[in-house]
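User: I'm new to this one. Can you walk me through it?

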Amino acid sequence: MLQSNQSVIRLNPADNLVIALVDLPAGAQPGGLEIATTQPIPRGHKIATRPIAAGEQVIRYGQIIGQALVNIPPGAHIHSHNLGMGPHTDDYAIGSESHALPALPPREFLGYHRADGQVGTRNYIGILTSVNCSGSVARFIAEAAEKDPVLSTMPNIDGFVAIVHNTGCGMSGVNEGYDTLMRTLKGYARNANFGGILLVGLGCEVMQVPDLVGQGRLRPDGNFRYMTIQQTGGTRATIAAGLKVLHEMAEVASHTARAPAPVSKLMIGLQCGGSDGYSGITANPALGHMSDLLVQMGGTTILSETPEIYGAEHLLTRRAVSKEVGDKLLERIQWWEDYTARNGGEMDNNPSPGNKKGGLTTILEKSLGAVAKGGTAPLVGVYKFAEPITTPGFTYMDSPGYDPCSVTGQIASGATMIIFTTGRGSVSGYKPSPCIKLATNSEMYARMAEDMDINCGDILTNGVSIAAKGAEILEKVIAVASGARTFSEELGFGGAEFVPWQIGAVM
């Protein structure tokens with residue numbers, strides 16, 4: 001960070017702009033700069049530091065974030081009215097910056113050891129649904145279990161989670177959407193944060209229960225049961241049968257207690273939502289540093305949200321460990337370009353109104369900040385949505401930018417914890433995996449302190465280093481992995497955020 005003072009910050013010597021750290025009135029003269037603002041500038045927004053001609057590239061982080069739509073004078077506000085996407089090309093240079101990070105001494109957490117070698121951070125019993133039509137009954141079963149005097153006091157059980165969704169029927173049974181849902185449901189059934197799974201279907205849906213259970217053992221520990229409402233005898237009969245099965249499953253799951261495990265067994269999904277102009281300055285780079293630390297100890301982190309790395313994918317391809325890995329990422333980018341075109345959209349539609357209000361303008365700018373969550377470690381693997389992640393290290397999983405959907409894919413791929421950065425103040429949770437929330441700015445943190453686990457705004461307000469904040473996040477990760485509850489868990493989030501990615505026509 002260069003030329004930082006109490007009112008603005010320049011992120012790279014090549015930048016032709018600075019970022020306002022406070023609301024600036026017209027005529028303000030930020031310290032260290034020989035310019036005056038030509039209009040009021042909200043905090044988190046961009047200010048031109050020299051004349052930028054129409055068509056000229058606008059630079060932030062030392063990278064192109066778009067092109068000037070008109071002549072922009074020094075001191076002017078740079079935003080949607082004068083900055084556009086413009087044509088851009090990237091030098092992918094696959095593998096040119098892939099450098100292994102030095103190993104760090106191992107750390108331990110207290111987790112739940114599973115039969116397949118995975119280690120969970122939680123021990124839930126899941127009631128998984130094949131179709132929306134069995135969702136209410138799954139919730140009824142979970143609610144009955146939470147009220148049951150025996151089940152609710154079982155040792156080592158974190159609770160009973162109904163995993164319900166709005167698909168599973170009215171869809172083709174032979175296309176990409178069907179395959180994606182199949183991977184997602186199977187991935188949840190196998191997630192290490194579940195000590196057992198009860199699968200509940202209706203009976204006549206496209207996503208047939210026999211198809212799910214017939215393609216291989218869904219859980220290596222065998223703590224898995226299934227039933228359909230139609231075959232069991234209706235709602236009340238299914239609730240009663242489900243409750244009986246949960247007693248049997250919980251008895252098995254309760255015998256698993258927390259035990260020491262190396263942090264190399266952790267798999268963490270990296271997420272951001274409600275991003276602002278500070279996201280790429282504070283929380284995202286700090287999370288990236290934590291990602292590097294975990295990778296250096298043998299752990300696994302997952303970056304996702306393909307529409308939100310668009311324009312910054314070259315920063316990832318250059319870190320790919322092989323041409324195959326780099327090409328896989330570029331194939332997903334090309335798939336998204338085709339997918340959005342077929343559906344009448346474009347990749348630059350991504351920044352939301354909240355993102356723009358927070359100071360972000362183009363998808364290029366948003367993506368450059370989002371990629372910072374991935375640190376500097378080599379990219380060792382690229383996976384489809386909900387595909388099991390089998391290679392330890394820094395990985396990428398393809399997903400939409402819609403946070404609940406992206407996290408759903410990460411958990412299906414094996415994530416046992418989620419870390420979520422936010423500048424506007426996103427509130428959510430993702431059972432069965434605990435979610436740590438990082439605030440990008442101190443103002444929002446103070447306003448929403450009961451939702452935010454860590455404030456990264458002090459990187460700017462108190463001069464805390466990125467490295468120190470990354471180390472702080474790692475300590476929080478180990479504590480939460482060992483059983484400490486996050487604010488989203490305390491508030492009861494996680495029952496509504498299972499959102500499988502629906503690809504294809506609803507029929």
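Analyst: Let's begin with a helix at a pocket. α6 gives the most to the lining of the largest pocket, with 4 residues. Keep in mind that this is a predicted model.

User: How much space lies in the largest pocket?

Analyst: About 620 Å³. The lining counts 22 residues, and those closest to the centre are Leu315, Leu368, Ala372, Gly375 and Thr376.

User: Which elements give two or more residues to that lining?

Analyst: They are α6, residues 283-296, and α10, residues 363-371.

User: And how do the lining residues of the largest pocket divide into nonpolar, polar and charged?

Analyst: There are 11 nonpolar, 8 polar and 3 charged residues.

User: What span should α6 have, and what does the model give?

Analyst: At 1.5 Å a residue, its 14 residues should span 20 Å. The expected span is 1.5 Å times one less than the number of residues. The end C-alpha atoms of α6 are 20 Å apart, so the two agree.

User: What follows α6?

Analyst: Gly298 does, and its phi is positive, near 95 degrees.

User: Switching topic. How much space lies in the second largest pocket?

Analyst: About 440 Å³. It is lined by 24 residues, with Gln118, Met267, Ile389, Ser413 and Gly414 closest to its centre.

User: What classes of residue are in the lining of the second largest pocket?

Analyst: By class, 9 are nonpolar, 11 polar and 4 charged.

User: Now the sheet. In what order do the strands sit, and is the pairing parallel or antiparallel?

Analyst: The order is β9-β8-β14, and the pairing is antiparallel. These 3 strands form an open sheet.

User: Which strands stand at the edges?

Analyst: β9 (119-120) and β14 (259-262). Each has a single partner strand, so one side of each is left without a neighbour in the sheet.

User: How many bridges are there between β8 and β9?

Analyst: 2 bridges, with β8 covering residues 108-113.

Notes
Residues are numbered from 1 along each chain as its sequence is written. This is a predicted model: local features need pLDDT of at least 70, side-chain atom pairs count only at pLDDT 80 or more; totals for chains, interfaces and linings use all residues. Side-chain values use heavy atoms; hydrogens and water are left out. On a 1 Å grid over the protein atoms alone, a cavity is a set of points where a 1.4 Å probe fits but cannot get out, and a pocket is an open set with protein on both sides within 12 Å along at least five of seven lines; lining residues have an atom within 4 Å of a point. Grid points are joined across faces, edges and corners, and a volume is the space filled by probe spheres set on the points. Ala, Val, Leu, Ile, Met, Phe, Trp, Tyr, Cys and Pro count as nonpolar, Asp, Glu, Lys and Arg as charged, and the others, Gly among them, as polar. Two strands pair if DSSP finds at least two bridges between them.
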